[in-house]
Amino acid sequence: MVQEINFDFRKKILDKHISSTISYCYQCTSCTSACPIADITDGKYNPRKLIINALLGLTEKIFVDKDPSVWDCTQCCTCDEICPQHVKLTEIFAFIKNQFAERHEAPEGFLGEARAVYENGLAIPMQSAIKRRRDSLGLSDPPEFDYDELKDIMKMIGLDKLVKKVDKEDNAEGEN
Amino acid sequence: MTDDVSNKMAYSFYLGCVIPNRYPMVERATRTVLDELGAELRDMKGATCCPAPGVFRSFDIPTWLVIGGRNLTIAEDNQADVVTMCNGCYGTLLEVEHALKHEEKKRNYVNEHLQKVGRKFKGSIHVKHLAEVLYYDIGLKKIQDVAIHDLGLKVAVHYGCHLLKPSAIRPWDGESEEPRFFDELVEALGCESVDYRDKMMCCGAGGGVRSAVKEVSLDFTRHKLEEIRKVGADCIVNMCPFCMLQLDLGQVEVNGVFKDIIGEPYNIPVFYYTQLLGLSMGLNPIDLGLIKQHDLKGVPPFTSQEPALRKIFKKLGYNYDELVEQAKNKK
């Protein structure tokens, strides 16, 4: 089957400010052989394939077929350590995940946690039982922070647009 | 008070989210131990989520950089390097620090935003993991000296990923495959650090995989637990609350999800290093947050630490049940 090349995405990936190292990849498979997720998923997750898909601009494979799915990466950086070409794979995978978020297609679990930071400034909020446990341990409350200051910053960067709920229909046209 | 106050090590104490809001007993133990070791901890007033290197960095790198940078400016106001108890916070804060110190474009971008809320990253502080503070700043030798009681446990050390990688900007001489520092810290407590297969493997929680693909995440944990059980470890010791959550709560989840393939359910106690260090220093188990309050529901540890604690207490001459009573009355 013929795969369409998304030149715009390819340019973004190759753009220096992300990581120019990707163009040095010669598909040696060191990353995949060292990857614990590849091991545990019997090769279903495969960092080498993700890199070649990104390098060639095969966005349908990355974003639609999710073959392999970038969301399986635990960012353990084992591949970064082993790559003979010093490709910063984890950074590239984080960038691809950012692109998912921009398309409003990040998995619900991710979206929920990003929203928690946007709405509370914390990924994991306090619970009443934990508060009581803190008291019994003689611990005062964690230092307070100015939530408005944080929200101002996040709005300035545009996080409010990224975390809002988007109906799937509104979003369908973005596909190539 | 003597006049060595000027020599006192001072740190900006970055709590993060998971420890204060899920594992406060780890904060208790760390504060108690570091105080005993003469380190001054300065609260980071105004600090927020680091933000998380997995979930949040994956979501939006620019926001991750700016919020991380904002947290670093608080340490700069404190005029003290950051110490964090969490591998995730360490990953974010250290990598943001490195980017802002070495990449002008990113520094300008971050400061452009911070300027609008009256802040600026100057590059005057450095981010350290608690393991680094213990091993280098306080020093392994000092730890060996203060750890007066041999705990006599067989320990499975779990390093966790961000403590070690990317190794180029970590303080462990580029070693990420066979590091020894954590094992040495554990051996200082009169414990044996047992080798086990895939010791350096991720706990499975990282990168937001725990949130997004739970079954893959738990399969990692199942594999680690299987290898740890094989070598007969009394407990797991780690220095990251997110790994701890995964190995502690995740253990209960593994027992459910994989009940048909694991045989016996897992019941391996999980400790944070400072909890055991405190015991070895002769500090009170209650002051180290080691005695669980069973009347509080939903509070960790979810996998009981009791079997390992009873073993240690027997050696140190404490009565476990008396301590439970004491802890009850202390409230």
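Predicted model: local features only at pLDDT ≥ 70, side-chain atom pairs only at ≥ 80, totals over all residues.
Let me begin with Gln79(B), which sits in the loop that runs between H4 and strand S3 (82-84) of chain B, where helices (H or I, at least four residues) and strands (E, at least two) are DSSP runs, numbered from the N terminus. Although Gln79(B) is not a glycine, its phi is positive, near 55°. Is Gln79(B) buried or exposed? With 71% relative accessibility it counts as exposed, since buried means under 20% relative accessible area, exposed over 50% and partly exposed in between (1.4 Å probe, protein chains only).

Residues are numbered from 1 along each chain as its sequence is written, chains are lettered from A and ligands numbered from 1 in the order in which they are written, and side-chain values use heavy atoms, with hydrogens and water left out.

A second residue with positive phi, about 70°, is Cys77(A), again not a glycine, and its place is the loop between helix H6 (59-65) and helix H7 (78-82) of chain A. Cys77(A), however, counts as buried, because its relative accessibility is 6%.

Chain B also has cis peptide bonds, including the one between Cys50(B) and Pro51(B), with omega about -5°; Pro51(B) belongs to the loop between strand S2 (39-43) and H3 of chain B. Another joins Pro300(B) to Pro301(B), with omega about 0°, and Pro301(B) is found in the loop between helix H12 (273-280) and helix H13 (306-316) of chain B.

Let me turn to how the two chains meet. Contact, meaning heavy atoms within 4.5 Å, involves 70 residues from chain B and 58 residues from chain A. The size of an interface is often given as the accessible area lost when the parts come together. Here chain B and chain A bury about 5,500 Å² between them, 67% of it on carbon and sulfur atoms; buried area is the accessible area (1.4 Å probe) that two parts lose on being put together, summed over both.

How many salt bridges cross this interface of chain B and chain A? There are 3, a salt bridge being a side-chain nitrogen of Lys or Arg within 4 Å of a carboxyl oxygen of Asp or Glu. Glu149(A) and Arg70(B) meet in a salt bridge through their side chains, at 2.8 Å, N to O. On the side of chain B that touches chain A, at least two residues each come from several helices, among them H4 (61-78) and H10 (214-230). H4(B) gives the most to that side, with 6 residues.

Finally, within chain B, the domain assignment gives domain 1 (9-129) and domain 2 (141-330), with bounds that come from an automatic or database domain assignment. Taken over C-alpha atoms, the centres of these two domains of chain B are 24 Å apart. The area buried between domain 1 and domain 2 of chain B is about 2,500 Å², and carbon and sulfur atoms give 73% of that. In domain 1 of chain B, Tyr23(B), Leu37(B) and Asn87(B) lose the most area to domain 2, together 26% of what that side buries. The count between these domains of chain B is 1 salt bridge. Glu95(B) also forms a salt bridge with Arg170(B), in which the closest N and O atoms are 2.9 Å apart.
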